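User: I would like to go through this model with you, helix by helix. Could we begin with how the helices are assigned?

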Amino acid sequence: MRFFRFTVLVIFALLAACSTGKQSTQLVQNASLAFMAGDYAQALEHYETFIFQHGNNPLVIPDSIYRGAGLAAFELDQPSKALDYLNTIRHSEAADAPVQYALALLNRQIDNLSREITALEHYVTNFPQGEHHVAMQLRLFEVWVESQNYQDAVALWPSVKPHASAQESYVQGYFIAQQALGNEDELDALADQLLNLNRNNTLALFHLGKKHFWLAENRYRSEMQAYENNRTHRQYAQLLRAFDVLNADFRKSLDYFLKLWEIDPRPEYARFIGNIYTRFEDRPKARYFLERSGQ
């Protein structure tokens with residue numbers, strides 16, 4: 001009798017297990033069909049039912065279930081839930097291009113820069129044919145500049161240049177990276193490119209203004225010192241010729257700094273303008289700007 005009862009219990013347990021297994025299989029099938037049809041709300045409901053039935057245990061729940069639930073939540077603009085599910089599988093083989101794309105955007109929303117960079121790098125490196133490859137490359141370039149990883153940004157530029165060279169923000173990012181690395185030879189052309197994209201780009205105006213100012217100022221000091229050391233007619237004639245060149249640079253610098261002053265009257269700009277007017281011996285204007293420079 002006891003043996004009979006035990007056998008019956010075993011049979012019922014097996015039947016229950018088979019029934020649960022069939023239900024789970026049906027849930028997964030329904031979830032997959034709903035996801036492929038774009039019915040993300042229905043897909044998420046099925047995925048979450050499966051996850052709940054299995055105690056949200058990553059050791060027994062397939063990675064594909066968390067992937068589906070996370071991507072469905074992402075499509076439904078449920079970022080917290082999407083991150084919970086996708087973070088569970090972010091180091092697994094299920095973390096494919098759509099998962100890395102979603103993780104990059106989700107981590108950007110919560111300002112988790114390190115994890116955003118991880119997702120961006122993984123996508124760019126492993127999915128060169130991915131749907132969002134260009135967008136992910138451009139964003140990776142941006143975050144390299146933002147995080148002051150300038151060498152990485154410069155190394156990535158040739159890949160993003162075909163898509164970025166007509167956009168001021170990316171060219172400016174490249175300018176910032178090259179400037180931070182001390183690659184001065186690159187900056188003049190980049191400054192001109194920035195001004196072609198936006199004639200009021202202050203970074204470019206400031207760079208070119210300083211460049212022409214110091215070209216003129218350094219030559220002025222050098223030529224004046226040479227004349228002081230050798231006060232001859234020949235040296236004086238050379239000084240006059242030099243003034244023609246250096247004054248041209250001072251005028252170019254003045255144009256840039258007056259434009260900057262018009263955009264934003266900062267003391268730093270006023271200092272350059274005042275010093276240029278000093279060289280031009282225009283005392284009233286020199287005094288006006290030097291007073292506003294904080295000197």
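Analyst: Helices are DSSP runs of H or I with at least four residues, numbered from the N terminus. Please note that this is a predicted model.

User: Understood. Where does Ala104 lie?

Analyst: Ala104 belongs to helix 5, which spans residues 97–109.

User: Is Ala104 buried or exposed?

Analyst: Ala104 is buried, because its relative accessibility is 2% and the cut-off for buried is under 20%.

User: Which residues is it in contact with, leaving aside neighbours within four places in sequence?

Analyst: With those neighbours set aside, Ala104 contacts Glu116, Ala119, Leu120 and Met136.

User: And how far is Ala104 from Arg251?

Analyst: The C-alpha atoms of Ala104 and Arg251 are 48 Å apart in space, and the two residues are 147 apart in sequence.

User: Changing topic: at what angle do helix 7 and helix 9 pack?

Analyst: Helix 7 (residues 133–146) and helix 9 (residues 168–180) pack at about 40°, and their axes are 10 Å apart. Helix 7 is therefore oblique to helix 9. The crossing is left-handed.

User: Which residues meet there?

Analyst: From helix 7, Leu138, Phe141, Glu142 and Val145 meet Tyr170, Gly173, Tyr174 and Ile176 of helix 9. The contact comprises 6 nonpolar residues, 1 polar and 1 charged.

User: Lastly, what about His207: which helix, and buried or exposed?

Analyst: His207 is in helix 11, residues 202–229. His207 is buried, with a relative accessible area of 9%. Beyond its neighbours within four places in sequence, His207 contacts Phe175, Glu184, Leu187, Asp188 and Ala191.

Notes
Residues numbered from 1 in each chain as written. Predicted model: local features only at pLDDT ≥ 70, side-chain atom pairs only at ≥ 80, totals over all residues. Heavy atoms only, no water. Axes fitted to C-alpha atoms, helices over the stretch in contact; angles between N-to-C directions. Helix = DSSP H or I, 4+ residues; strand = E, 2+ residues; numbered from the N terminus. Parallel < 35°, antiparallel > 145°, perpendicular 65-115°, else oblique. Left-handed = near helix turned anticlockwise from the far one by under 90°. Contact = heavy atoms within 4.5 Å. Nonpolar A, V, L, I, M, F, W, Y, C, P; charged D, E, K, R; others polar. Buried < 20%, exposed > 50% of the residue type's maximum accessible area, 1.4 Å probe, protein only.
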